Amino acid sequence: MLLRRRLFGVLEAGRDNLPARLFNIFMVVLILSNVAAVVLETEPALGEYIRRELRYFDIFSVGIFTIEYFLRLWVAVEHRPLAQLAAWKARLTWSVTPPMLIDLAAILPFYLAMIVSFDPRLALLLRLIRFLKLARATPALGTLGRVLYNERRAIFGTLIVMMGLIIFSATVMYELEGETQPHAFGSIPRAMWWSVTTL
């Protein structure tokens, strides 16, 4: 289908054409605006008018993210590795990939809130999942993810060294200052706070 192939070029094929670049810019702005809205909603001095506008913006955003999710499912059959599968199987396979699961997690809390009552703070936290959608929209995050994966052994080694330094320095401070400052250094876990902030 020509329409599906063209949509695939915009949604999935990369950023080598103007519609794909414009779509990615739009999505990055929308995602960052959503994160800003979540941050802004925590301000107690916010007026009711602004809160209502932010709710409308949330509904608009979920609408866009939902349309995007289903369009990505529809064009999934255009992916070369999935092209030989039946359409339903290709879409099912594509729906459980990490980017699609993040996309689903970005919209699902909104629809679940219509059925199940959420604590407002939890609902706010769940909306921050939308920030993870940036990984798909910005190629730099994908590159960073590949670098982190390729350097995982060095990063793991660094974390072990850091953990050792934190525990060692916390133990030293516990022995040296534990009796004179028991509120800060009365135990190794208490002294670890000092170690983390100092290191």
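Helices (H or I, at least four residues) and strands (E, at least two) are DSSP runs, numbered from the N terminus. By that rule the chain has eleven helices and zero strands. The model is predicted: local features need pLDDT of at least 70 and side-chain atom pairs count only at pLDDT 80 or more, while totals for chains, interfaces and linings use all residues. Residues are numbered from 1 along each chain as its sequence is written, and side-chain values use heavy atoms, with hydrogens and water left out.

**Overall form**

The C-alpha trace of the chain spans about 75 × 50 × 30 Å along its principal axes.

**A helix pair to look at**

Turn next to helix α2 (residues 18-41) and helix α3 (residues 48-75), whose axes come within 10 Å and cross at roughly 145 degrees. Here axes are lines fitted to C-alpha atoms, for helices over the stretch in contact, and angles run from 0 to 180 degrees between N-to-C directions. Contact means heavy atoms within 4.5 Å. The residues that α2 brings to the contact include Phe23, Phe26, Met27 and Leu30, and among those of α3 are Leu54, Phe57, Phe60 and Ile64. By class, this contact has twelve nonpolar, three polar and five charged residues. Ala, Val, Leu, Ile, Met, Phe, Trp, Tyr, Cys and Pro count as nonpolar, Asp, Glu, Lys and Arg as charged, and the others, Gly among them, as polar.

On a 1 Å grid over the protein atoms alone, a cavity is a set of points where a 1.4 Å probe fits but cannot get out, and a pocket is an open set with protein on both sides within 12 Å along at least five of seven lines; lining residues have an atom within 4 Å of a point. Grid points are joined across faces, edges and corners, and a volume is the space filled by probe spheres set on the points.

| Space | Volume | Lining by class |
|---|---|---|
| Largest cavity | about 60 Å³ | four nonpolar, one polar, five charged |
| Largest pocket | about 440 Å³ | nine nonpolar, no polar, six charged |

Which helix gives the largest share of the lining of the largest cavity? That is α2, with four residues. The lining includes Phe23, Met27, Glu68 and Arg72.

The largest pocket is lined by 15 residues, and Glu41, Asp58, Ala123, Leu124 and Arg127 lie nearest its centre. The elements that give two or more residues to this lining are α3, α5 (98-112) and α6 (120-127). The largest share, five residues, comes from α6.
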